[in-house]
Structures are given as C-alpha cells and as structure tokens.
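Subject: A structure to look through

Dear colleague,

I am handing over the structure below, and I would be glad if you kept it open while you read. My notes on what was found in it follow directly after it.

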Protein chains: 2
Amino acid sequence: MDRFLIVSTDGHAGLPMERYRDYLDSKYHAAFDEALPIQREMTRQAEEFLLLSDFNDKWREDAGDGLAGAWDGSVRNRVIDADGVAAEVLFPDGITEMNAPPFGAGLALKPWGIDPELQWAGARAHNRWIAEFCKEDPVRRIGLAIVLMLYDVDEALREVKWAHENGLKGILIPPLMGDKDAYNHPKYYPIWEYCAENGLVVHTHSGPSPDYDYTLPGAIGVFVTEFAWWAARPLWFLIFGGVFEKFPKLKFALTEVSEFWIPHMLELMDVRASVKHTSGKLGDFRSHLTMKPSEYFRRNVWVGASALFDEGSTAVRHEIGIENVMWGTDYPHPEGSWPHTKEKMEAYLKGVPENELELMLSGNAVNCYDLDVDKLNVIAERIGPVRSAFA
Amino acid sequence: MDRFLIVSTDGHAGLPMERYRDYLDSKYHAAFDEALPIQREMTRQAEEFLLLSDFNDKWREDAGDGLAGAWDGSVRNRVIDADGVAAEVLFPDGITEMNAPPFGAGLALKPWGIDPELQWAGARAHNRWIAEFCKEDPVRRIGLAIVLMLYDVDEALREVKWAHENGLKGILIPPLMGDKDAYNHPKYYPIWEYCAENGLVVHTHSGPSPDYDYTLPGAIGVFVTEFAWWAARPLWFLIFGGVFEKFPKLKFALTEVSEFWIPHMLELMDVRASVKHTSGKLGDFRSHLTMKPSEYFRRNVWVGASALFDEGSTAVRHEIGIENVMWGTDYPHPEGSWPHTKEKMEAYLKGVPENELELMLSGNAVNCYDLDVDKLNVIAERIGPVRSAFA
C-alpha cells in the first residue's frame, strides 16, 4: 500500500444541544427544557469571555460546513476522507462550545455542582446517541461511553456493560475527583476488571480543571499550565494504587495532554518510587508493585496525541514509548490539525522511520482498540496520505 | 578563608507542643487545653500509621540529644556547628511530628477544617516565639513568620509588618488555596508590595497536600508524586497573574521540593506561554507579561534545595539557575542531611567549580536574605567545611 492508514485517537462528536432531548428519558424532559436556555446563555458568555470572537469567526469561516460533521455522519465521512483519516475515536463535545451533552455531562464531567442523577441522564443521552452514530459506520467510528464512575459503582458498571453490549469500545471517566473516593479505591475494581476482560479502553481527556476564577489576571495562564496535569492525575492513583498490577490487561488512554512533558512525568514517578532515604519515614509504599511506574505506563497506557502534537512530540516519542503514542486530529476542535492534517503530519513527522510512523499513525491504535485493520486498509487505500510525502 | 560559609535555607524550629501555651493570647488558653490531648493523639496515630517506628526509633537513636535543638538555642548552635552550618532559615515544625504550632498552624497551613481565628492564634504564638528565638542569635537565625494570608488581607498585612518590625526575614504562606481567592487576586497586592519593599522573602514549603485517604492502597505514592507540585503551585498563579511583573523586587523561595524536575516546570510554563495555534481560542493571556515565565523565575525565585538534594540536583543547577539554588540541611528532620551534612555535600557536590559552590552553599542565600556576610564568615572560619574536601 502506498498510503498510510490513519486512525485519529482524538475526535469529538455531539448533537446540537436541543437534539439531545430525543435521547433523554422522558422524565428528564422538563428539567432539560428548563436547563437548555441556561446552558445556551452560559455557553454564549463563555464564548464571549474566553473564545475571542475574531479567532472563532475566522476559524468558522475556514471550517465552512465541515463543522456539521460533529453530528452528521455523511458530512463527517466526507471531512475525514479529505483529511486522510480512516477511523476516529469519538469523545463528546463535538464543537467545544456548542455540542456538549446536557446537565454537565460534557468533557468536564465535574463531580460537583450538578445533581448526579441529572448528570447521569445527560451522559446516557449521549451514550445512546453515540452508540447509534457508531453503528452507522462501525469500521470508522470508535465510540466511547461517558461513565460517571465516581458516583455509585454498581450503576456505573451497568453503564459500562451497556456500552460494551452496544458496540462502544471504551469509556470516558472524570479526571477530576473532587471529594469523591479516588481511583486507588478498591471499590472501583469491578469496573477495571470488566474493562480489562472485555478490552474496553478507559480514557481521560484534557479540559477539566478546578473552578478557577477567570476574572482574575492570568487565570488562563494557570489553566494552560495545569490542564495536562489534571487530566493525567488519575494515572498515579492507578499506578501507585496497584490497579495495573492487579489488572495487567487494563488499557488506559490519556488524550490531548501534549507530549513533551510526559517523559518528565515518567521520570518523576520513577524517582519518587525509588528514593529511599528521604521517603524512609513514610513507610513502605512500593512493595505491592512489581514494576517501576514507567513500566506500567508502557504496558498499560496509551497517549492520544493530538492538537498539541509538534516537533517536541516527535522528539520524545521513544521516551514515551514508540508503541504508546497515537496520532489524533481533534476534529472538529479549532486547536486540532483539521483541516490541515496532512500538512501538519508532514511538517512534524518528516524523517521519522516508516515503521515508527506506522505505529503512531495507526498501528498502536489498532492494537489498543483491537480494530479491523483489513477493512480500514480498504479505506486508507482510497484516502490516506501518500507515504512518499514523509520520506 | 580555607573553609566554606554554609547557610542552610531549610531548617525547622518549634517548641514542644505544651510550651506554645505561654505564647498564646490568654483568651485561647481554654481552647488550647482542650486541643492539646487531641493533637497529641492525632500525632501518635499519624506516627503509628505513617512513620514506621523502626525507622523512627533508629533515627532518634542516631540523633541523640541533638533533636532538642528544635527549640533549645544552645543545643542548636552546638549541633549546627558540628554540621558545618553557620546560619539557617527557620521554618516551623521543629521535629515534624512533635513540635508543630497549635491549631493547624504548622507547615500544612490548610485553609480548611480549622477555625481561622484559632489558626491565627497558633500562628501568632509561633511567630512570637520564633522572633524571640532569632533575637538570641540574630546572625545565625533567619526567622520566618507564618502568615495566613488567604483569610483577611488587612489582618495578614498587620502580621507581616509585625514580623518585619520584630526582626523576621520572611513569611511562610499556605501553598494550598482551597476555595479561597488564589494568589493571582489583586487583593493580595498590598502584601506583595510590603514584602518587596522591605526585603521580606515569601516562602512555600513542601508537605501540604490535599486530604488523601491514607487508608487506600498507594496513597503515599500519590503523595510523593504530587507533593512538590502542590508546594510549587502558587508560582504559576504569581507568574501568570503578573505579580512579579508588578513587583519586580518581590522574592519568593520554594523549599524542599527536590530539584531535578524544576527545569521541566520552567520548560512547561515557557511552552504554555508561547504556543499560539492551540491556545488561540483562549484569547490573550500573555500581553500583560514582558518576560517568559522562566525569566521571572530566575529574577524573583529561589529554591531552598534540601533533603532531596543529590546528584540529580547538581546536574540541573544551571538549568534552574546557578544564582537561584540554595543548599539546605532540613535539620532536624529525618529526611535531611543532618547529621551527615559534610559527607553529603562532598558526595553530591564534588567537582563543582568553587565559585558555583560558593553561590549554592551561601552566596545566593546571602543575596536573597540580605545577610551580614562578614559576621557569618567569622563563624564559618571556625566551623565551615574545608574547601579542599570538594576539590
């Protein structure tokens, strides 16, 4: 094949707000009707405050009608064809500020400030829709269920099973734990076990952050400094908590956190797990682990490298693990590579050996999500970027 | 001089719990008498749970009566003489688990779970005592006041002024902000301004962390992975908040966070402050800054490098800034270099050029705290480590 197979491990899909109503249990319709204008107004304010209108207007102009691919399958296939992408992992929040599930069940998934029952209702509405959306084209669409596992574990486990039975390939969990039991709590074992046994990939995605006061100077600077840390934070609860030790087949994907700092995180955890004199007074916290933190990372963790992928990411691919890095386009978010994915790939990956490109552009994703590579190659032969462009 | 002048920028001092009573306003005596047995019991439980008794017993045996230097000035001078140290910056929590100020006013300084009035009473009791302790030997003892600046700013400012008027050289502030206004809030300007104008150094010190559930597996691993981040976190609120831009003479010291990861933190902030495409949708958050984050760091921030100082720290001294790293012994904490400071210095600093050693061992501290180097040299000539040992 003279083209590369591309699997984007960071795509976003979501209905226009009002259309989530059809996927909600009817008992939540009244609450939905009440919340919709509030959600619209909050979105408008956030956009006004955070998303500079000149930036956004220009971006929308460039994007044209491609944005409707957030919910329209035929537009989506046309757009990703043009972008050279054969398949995508689909997170919620299609267009960040316009297509989030209701009741705080979008990417942020904060376990505070919202009624858990309503948040679950919003999550289920999205899960039903995304399952339907993926069934339209199961080869190209790798869907994730939103699972609010910090609340009742039995309820969360039922949703995980529903997701698996309905063709979804993974779950998105809240990275921020608030005052809920953290991810090193044994009560979550049944969820990790089910995901491990059934090949469901557990995800966090950047974006969620504490409630900064955005009216204060530099708050956005604080956000951009911390956002990747918050998304990655569950990892050290899982690693030191012995979860990957107990469930060696569990797969975890960390998405859109940028890559250059990940080797630092691995070094930090390894150093912290090994220092003796200075941590002697804290007792033994390592004997339940048989490997170094970075070794669990390389066995159990994948990086959905999108949006912020640049020369810096290419430079550290071996330090992260060449079998752990997966390309993503972040379509249809403005910070991603779409609609210039091929040009960005060429700019940032030129000169990388072909076998490494194959791993990062799709091979690792095929392994992580257990994809049907033969069917995907048929698509790639038609729309994938030509290999010679990267030589 | 054939010996080095050593200034330890991380020492701890504190009274045996019951003796703080004499430094409390009498209206808090009843609350103190009620709290004392509870504090003792919590300390005992924490020690039982976290501080393995075999580790601690052995350490106490080695330490002998040197531990009384936590509150006894003559013991302290004898001990630091033997350790080769001419002067020390003094944080609270003399022996971590036995000499903390009352009412949660020890190192942790959590702005939750304690009545602010009582916490202030505990902080003032310590401040009165440490001011007295430093006046006994003002050349060798560099005292810090505990300032609970997340509560009422006017009250905090009064304490800062009291500290300056009573010979203290800096303040220790809470690194964890809880739900209080963060350090990028303009309401704190009067405190930064007073500190900048009067040369008071603002400190955070590692140790404070969120309320992990220590009964869960791996909780200590999470703590050791995160503790330095929590201590350093106020920095990016100050940097991106424009505080160092507005108060260019403000001095900030970050203490006992280990050093090897600091260049990563600087790189992270610089990258975050410079990326354009991916953060375009977030609007402008940089135009109020005239320098890169790492440049503010090198101008305004010092690192109290103690306890975890090792080959890794020596290796990154230039990446942090050779004029920003200050040695510390962490006496009398078990994780520090005392009573083997000279041996550790030789092990970790051997081969470092002499001018760089001078900066890290005392020169930078002399500049940061504006110390009387002539008087200190008289002491160093008697007790400092001989220069030839590092050649």
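In chain A, eight strands make up an open sheet in the order β1-β2-β3-β4-β5-β6-β7-β8, with parallel pairing; helices (H or I, at least four residues) and strands (E, at least two) are DSSP runs numbered from the N terminus, and two strands count as paired if DSSP finds at least two bridges between them. At the edges of this sheet stand β1 and β8 (325-327) of chain A, each with a single partner strand, so one side of each is left without a neighbour in the sheet. On average, neighbouring strands of this sheet are turned by 30° against each other, direction ignored; the axes behind such angles are lines fitted to C-alpha atoms, for helices over the stretch in contact, and angles run from 0 to 180 degrees between N-to-C directions.

Before going further, please keep in mind that this is a predicted model, in which local features need pLDDT of at least 70 and side-chain atom pairs count only at pLDDT 80 or more, while totals for chains, interfaces and linings use all residues. Residues are numbered from 1 along each chain as its sequence is written, chains are lettered from A and ligands numbered from 1 in the order in which they are written, and side-chain values use heavy atoms, with hydrogens and water left out.

How many of the residues of strand β2 of chain A are buried? Five of the five residues of this strand (residues 87-91) are buried, so it is largely enclosed by the rest of the structure, where buried means under 20% relative accessible area, exposed over 50%, and partly exposed in between (1.4 Å probe, protein chains only). In a regular strand the side chains alternate between the two faces of the sheet. In β2(A) both faces are covered, with A:A87, A:V89 and A:F91 buried on one side and A:E88 and A:L90 buried on the other.

By contrast, A:A391 lies in the segment after α16 (373-383) of chain A and is exposed, with a relative accessible area of 76%.

In chain B, strand β5 (residues 201-205) is joined to strand β6 (residues 251-255) by five bridges, and these strands run parallel; the bridge partner of B:H203 in β6(B) is B:A253. Helix α14 (residues 354-369) of chain B packs on the sheet, touching β1, β2 (87-91), β3 (141-146), β5, β6, β7 and β8 of chain B, and its direction makes about 110° with that of β8(B); contact here means heavy atoms within 4.5 Å. Helix α7 (residues 219-240) of chain B lies across β5, β6 and β7 (301-305) of chain B, running at about 155° to β6(B).

Next come the two chains together. Chain A can be laid on chain B with an RMSD of 0.0 Å by a turn of 180° and a shift of 0.0 Å along the axis, copies being superposed by least squares on the C-alpha atoms of residues with pLDDT of at least 70 in both. The two copies are thus related as by a two-fold rotation axis. Of the residues of chain A, A:H264 comes closest to that axis, at 3.4 Å (C-alpha). In chain B, B:H264 sits in helix α9, counts as buried at 17% relative accessibility, and touches A:H264 and A:E267, not counting residues up to four places away in sequence. Of the interface residues of chain A, 100% are also interface residues in chain B, so the copies meet through the same surface.

The structure holds five cavities of 30 Å³ or more; on a 1 Å grid over the protein atoms alone, a cavity is a set of points where a 1.4 Å probe fits but cannot get out, and lining residues have an atom within 4 Å of a point. Grid points are joined across faces, edges and corners, and a volume is the space filled by probe spheres set on the points. About 310 Å³ of space lies in the largest cavity. Of the 16 residues that line the largest cavity, the closest to its centre are A:W229, A:W261, A:L268, B:W229 and B:W261. The helix that gives the most to this lining is α7(B), with four residues.

With best wishes

How values were computed. 1 Å grid on protein atoms, 1.4 Å probe; cavity = no way out; pocket = protein on both sides within 12 Å on 5 of 7 lines; lining within 4 Å.
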